[in-house]
Amino acid sequence: MVTKIEEEERQLEAAIEEIEKQNAEVNCQLKELDLKSSKFKELEERYWHEFNNFQYQLISHQEERDAILAKIEVSQAHLELLKKTNVLNDAFPIGHDGEFGTINNFRLGRLPKIPVEWDEINAAWGQACLLLHTMCQYFRPRFQSRIKIIPMGSYPRIVDSNNNTYDLFGPVNLFWSTRYDKAMTTYVTYLKEFAEFAYSKDQENNIPPEKCFKLPYKIDGDKVESYSITQSFNKPETWTKALKYTLCNLKWALYWFVGNTNFQPLSAMVSSHAEVPAGGSLYAKRGTDSKSMFRR
């Protein structure tokens with residue numbers, strides 16, 4: 001009986017030792033798992049930290065990209081605006097101020113009740129000469145004319161087909177008025193030649209005859225429509241009206257020039273001069289009846 005109890009005791013002790021051994025192994029494994037768990041938590045924290053940094057950088061880059069795309073869109077719109085902007089429209093705004101035609105706000109003409117200073121008239125002629133000269137020069141050598149304009153600020157000169165030079169500036173007295181008349185007549189003749197050239201260009205481009213370029217006011221010798229542009233033995237009102245219609249024709253020619261060329265100087269900027277002068281624009285678009293606007 002005692003022997004049996006001792007045998008069971010030894011078996012139990014052996015079982016306890018085995019259990020303690022297994023317990024030690026399990027504890028060792030738990031320690032290893034705890035260590036691995038700590039490492040995994042550390043890796044997870046590092047992952048989320050890096051993930052959050054990446055998300056922040058991604059959002060920052062996306063915002064930067066969106067800002068760049070917005071700038072590109074604005075720049076492209078600005079570029080398209082510049083492509084459609086012709087500097088001559090901004091440099092030579094033509095309008096009217098009551099009975100007077102104006103270019104760059106300089107009035108062209110004189111009336112008994114409004115004796116415009118000759119300095120202003122000379123400046124207006126200087127602008128008109130420079131504009132017509134610039135448009136004609138653009139089409140050389142295709143545009144041929146024996147008439148030449150010498151733009152010299154407020155002191156322009158005109159060379160006619162016979163190589164005679166006339167001053168297109170005042171003041172003008174009785175003895176010099178005929179030469180001044182000749183200068184103005186030669187100017188409108190030159191404008192008429194440019195209009196005929198524009199008409200032929202439209203024909204070359206297969207534009208229907210009824211839509212080809214034509215001046216709103218007919219030029220015939222020294223007359224614009226039915227008004228003489230000469231100053232000698234002419235009423236100031238008639239002279240001023242002829243000058244007003246001449247500027248209207250010039251504006252019409254400028255409109256055609258802008259629509260048919262890519263003329264730009266070395267630098268082109270969008271200018272606030274595109275606004276209409278105080279008197280209003282000659283016309284808003286080609287389809288506008290400019291005659292009805294000027295016969296006021």
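## Confidence of the model

The structure is a predicted model, and the mean pLDDT of its chain is 85. Of the residues in the chain, 86% reach a pLDDT of 70 or more. Confidence is highest in strand E3 (residues 106-108), with a mean of 97, and lowest in helix H6 (residues 290-294), with a mean of 49.

Over residues 266-290 the pLDDT is below 50. In the model, this stretch has 53 contacts beyond near neighbours in sequence.

## Aromatic pairs

A search of the whole structure finds 20 aromatic pairs. A pair of aromatic rings is described by two quantities, the distance of the centres and the angle of the planes.

One of the pairs consists of tyrosine 47 and tryptophan 48. Their ring centres are 5.0 Å apart, and because their planes stand at 70°, which is over 60 degrees, the pair is edge-to-face. Both residues are partly exposed: tyrosine 47 has a relative accessible area of 47%, and tryptophan 48 has one of 42%.

The rings of phenylalanine 139 and phenylalanine 194 form a tilted pair, because their planes are at 50°; the centres are 6.2 Å apart. Phenylalanine 139 lies in the loop between helix H3 (118-138) and strand E4 (148-150), whereas phenylalanine 194 lies in helix H4 (residues 177-204); the pair therefore ties together parts that are 55 residues apart in sequence. Both of these phenylalanines are buried. They also belong to one aromatic cluster, whose members include Tyr138, Phe143, Tyr190, Phe197, Phe213, Trp256 and Phe257.

## Helix H5

Helix H5 (residues 236-260) contains 25 residues. At 1.5 Å a residue, the helix should span 36 Å, and its end C-alpha atoms are 36 Å apart, which means that the expected span and the model agree. H5 is mostly covered, since 19 of its 25 residues are buried.

## The hairpin of E1 and E2

Strand E1 (residues 94-97) and strand E2 (residues 100-103) run antiparallel and are joined by four bridges. Together they form a hairpin with two residues between the strands. Glycine 98, in the turn, has a positive phi of about 65°.

Which residue stands opposite aspartate 97 in E2? That position is taken by phenylalanine 100.

Key:
Residues numbered from 1 in each chain as written. Predicted model: local features only at pLDDT ≥ 70, side-chain atom pairs only at ≥ 80, totals over all residues. Heavy atoms only, no water. pLDDT = per-residue confidence, 0-100. Contact = heavy atoms within 4.5 Å. Phe/Tyr/Trp six-rings, centres within 6.5 Å; stacked < 30°, edge-to-face > 60°. Buried < 20%, exposed > 50% of the residue type's maximum accessible area, 1.4 Å probe, protein only. Expected span 1.5 Å × (residues − 1). Pairing = 2+ DSSP bridges.
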